[in-house]
Amino acid sequence: MNHLIKTFLFLSLLVLLLIPSDATVFYIKNDCSYTVWAAASPGGGRRLNPGEKWTLNVAAGTAMARIWGRTNCNFDASGRGHCQTGDCGGVLDCKSWGVPPTTLAEYALNQFGNKDFYDISLVDGFNIPMEFSPTSGGCHRIKCTADINGQCPGELRTQGGCNNPCTVFKTNAYCCTNGQGSCGPTNFSKFFKSRCPDAYSYPQDDPSSTFTCPSGSTNYKVVFCSRGSPHFPLEMTVGSESDE
């Protein structure tokens, strides 16, 4: 028995040593009534059935990072397959960003002024209602939980989600490809902004869409279909699926 206790304590200490002391923890939870294949860059991917959670430890200084959900996925035992929305190169364990439409939780840790920067972005469209918020410290809680899929303008409708107009039309007016100040709000971006006021609605929507929190003082949670948001019915693909 003493041997087992010593082994357990050793393994627990080893786990603690493997987690960087300055890491920020992201708690990802699926509160949807359907399966979501969560994805993270950095971090990979994991299948989350309703009510399941996934914990990520992310190193300080990590930038250009994002978390999103994939829907209607079908993976084989080796982790290869396809998702209707958010697919990342046909693999469960994402090594690249997802294909629009995807609701994005974006962040950069320990940046200018020792602050974390975080936002919800609809620049890649919308597929799943999302909450992205600090777990402590009184920093701003962001939610985008409107029925955007159900109310999506006809030009932006696609299977499983609502495209951003840049994805559809690919012009500077929507993509802001000509640099800072080259574009402004459009009727389409106003559609997103009116339903999710805190979220990025087009690429230069910074002033009302980026939030900060003191670096190292809090962890974060990403919740798909957080309480009070619509649980959109999705036709799930039946097949050989893997979460490893």
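Reply: Five strands form an open sheet in the order E4-E1-E14-E9-E10, with mixed pairing; strands here are DSSP runs of E, at least two residues, numbered from the N terminus, and two strands pair if DSSP finds at least two bridges between them. E4 and strand E10 (142-144) are the edge strands, each pairing on one side only. From one strand to the next the twist averages 10°, where axes are lines fitted to C-alpha atoms and angles run from 0 to 180 degrees between N-to-C directions.

The model is predicted: local features need pLDDT of at least 70, and side-chain atom pairs count only at pLDDT 80 or more, while totals for chains, interfaces and linings use all residues. Residues are numbered from 1 along each chain as its sequence is written, and side-chain values use heavy atoms, leaving out hydrogens and water.

Strand E1 (residues 24-30) is largely enclosed by the rest of the structure, because five of its seven residues are buried, that is, under 20% relative accessible area with a 1.4 Å probe, protein chains only. On one side, E1 pairs with strand E4 (residues 53-58) in the antiparallel sense over six bridges. E1 also runs parallel to strand E14 (residues 220-224), joined to it by five bridges.

Phe26 has a bridge partner in each of these neighbours: Leu56 in E4 and Tyr220 in E14. Further along, Asn30 stands opposite Phe224 in E14. In a regular strand the side chains alternate between the two faces of the sheet.

Key
Buried < 20%, exposed > 50% of the residue type's maximum accessible area, 1.4 Å probe, protein only. Helix = DSSP H or I, 4+ residues; strand = E, 2+ residues; numbered from the N terminus.
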